[in-house]
Amino acid sequence: MHHLVIGNSIAGIEAAITLRRRDPAARITVVSAESDHPFARTALMYVFCGQLRHEDTEFYDRGLYERMKFERVRARVVSVQPGEHAVTLDDGRTLNYDRLLLAVGSAARRLPMPGAYDDPPVHHFVTRKDYEALDAAAKPGKRAAVIGGGLIGVEVAEVLHQRGLKVHWLVREPWTWPVALDPKEAGVVEEHVRHEGVDVRTAAAVNGMTRGAALTLDVNGEALEVDLVVGAIGVVPNTGFLANSGILLARDGSIETGDDLQSTSSPDVFAAGDCACVTWADGARRPETLWYTGRDQGRAAAAAMVGDSVKYRRGTWYNSAKFFDLEYTTAGFVPISDTAGRKHPGGGHWQTWFQKHPTEAATLRIILKDDRVVGFNALGRRWSTDVWLRWVHERRSLAFVLANLAESTFDEEFMAPFPVLPTATLEEGA
Ligand SMILES: Cc1cc2nc3c(=O)[nH]c(=O)nc-3n(C[C@H](O)[C@H](O)[C@H](O)COP(=O)(O)OP(=O)(O)OC[C@H]3O[C@@H](n4cnc5c(N)ncnc54)[C@H](O)[C@@H]3O)c2cc1C
């Protein structure tokens, strides 16, 4: 049996390890265009800041391939022929397989405005190559525009600011990181980041850019001169090379998979990680672009590849991040806030409890459905998602959660409890 894994990041490498454990005699080949050794792109910002060396982001030791008897191929796959069970590499070679795993992840979404890719083109911050180009260009004292209000945008704004560039963070939406934050939470982030010295502009549409002595952006009709631009408007699945393969792709380019992560169109082809279109808890179908879900999908896909009966379903949502020293923690179901105000996401009685800390840049939002707590969203403090998820599963009331909040404080011994004050609000909708 020859298992061929394309991509050696979290989804691909976890799949390869699972395959080896399950099938000691199998031939396992891992193809990667990016690096010899798997590394955590989630930690690229710490390398940029000089806090880690690139080697420190490698999440397995360098003896892994040899120990696991993985064959390493450093090349880019340019096409797949599922009918022939074969892939073609950019060096002209062909590799055959019995089972193929596509764990090809995602790349930066390209900026749509005119002039973005004229010479010198805008930067991104997703791949190692992106990192190297930005690292070379970002000299202290230069002026940078970061376009995009999400997590990668704020991380890039932070590392450039930390390096001594003058940073303009340009967010098209009315508030920052709208898929995760509501306007009140975003207000706390914006105030905090401005206080650090970054020029934060919301409702800032970049209509185009021209090059002369400097790069001039048209932002809402006004000129903004900078030395470099970073596009951080999300990611797209790395699946362009599958266009003529017959492998079924969703509208966003991700690979359509069944519950067992097998391609819905091509037997013996599986997908995992950022490039796989999967079913979410609410029934929606799209990729889960998270590190830990990449790990879980890689393991599940490998089990399916060796013939197990697999039904991949992610557990209840949780996530955490940190930017400009501001913690972000979420767990359970937190609907995306709408510019039109709070809404009822579906049937049932939805409510939102919210409180801002009186003196710290910290907030806590609790979502209720039919008087039971279903989700948490917090800034500024570090919380235990384990405890929050347990409370969601136990269908706890708001009164119970507020009375026991200290139990979910991550640094319980070192911090004053998050105060529950009469100024907290309980609004209809979520
Ligand atoms: C800056 C940044 C910060 C992030 N922070 C977080 C975070 O805090 N928490 C979190 O959960 N997630 C975070 N993410 C997202 C997380 O990194 C991804 O969800 C995760 O890396 C996806 O893993 P993957 O294995 O699916 O694919 P990827 O990590 O995208 O890797 C895919 C690999 O496949 C290779 N490949 C692609 N096409 C081909 C081809 N044709 N031939 C050969 N090889 C190919 C690529 O070169 C790459 O090495 C962050 C992402 C970025 C960019």
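This is a predicted model: local features need pLDDT of at least 70, side-chain atom pairs count only at pLDDT 80 or more; totals for chains, interfaces and linings use all residues.
Let me begin with Ser32, which, once its neighbours within four places in sequence are left aside, is in contact with Asn8, Val73, Arg74 and Ala75, where contact means heavy atoms within 4.5 Å. Ser32 sits in strand β2, residues 27–32, and Ser32 is buried, with a relative accessible area of 5%. Buried here means under 20% relative accessible area, exposed means over 50%, and partly exposed is in between, using a 1.4 Å probe and protein chains only.

Residues are numbered from 1 along each chain as its sequence is written, and side-chain values use heavy atoms, with hydrogens and water left out.

Now to the backbone. Most residues other than glycine have a negative phi, and most peptide bonds are trans. His85, however, has a positive phi near 50 degrees without being a glycine, and His85 is found in the loop between β4 (77–81) and β5 (86–89); strands are DSSP runs of E with at least two residues, helices are runs of H or I with at least four, and both are numbered from the N terminus. With 23% relative accessibility, His85 counts as partly exposed.

Asp371, also not a glycine, has a positive phi of about 70 degrees, and Asp371 lies in the loop between β24 (363–369) and β25 (372–379). Its relative accessibility is 47%, so Asp371 counts as partly exposed.

Finally, Asp119 and Pro120 are joined by a cis peptide bond with omega about -5 degrees, and Pro120 is placed in the loop between β8 (106–108) and α4 (128–137).
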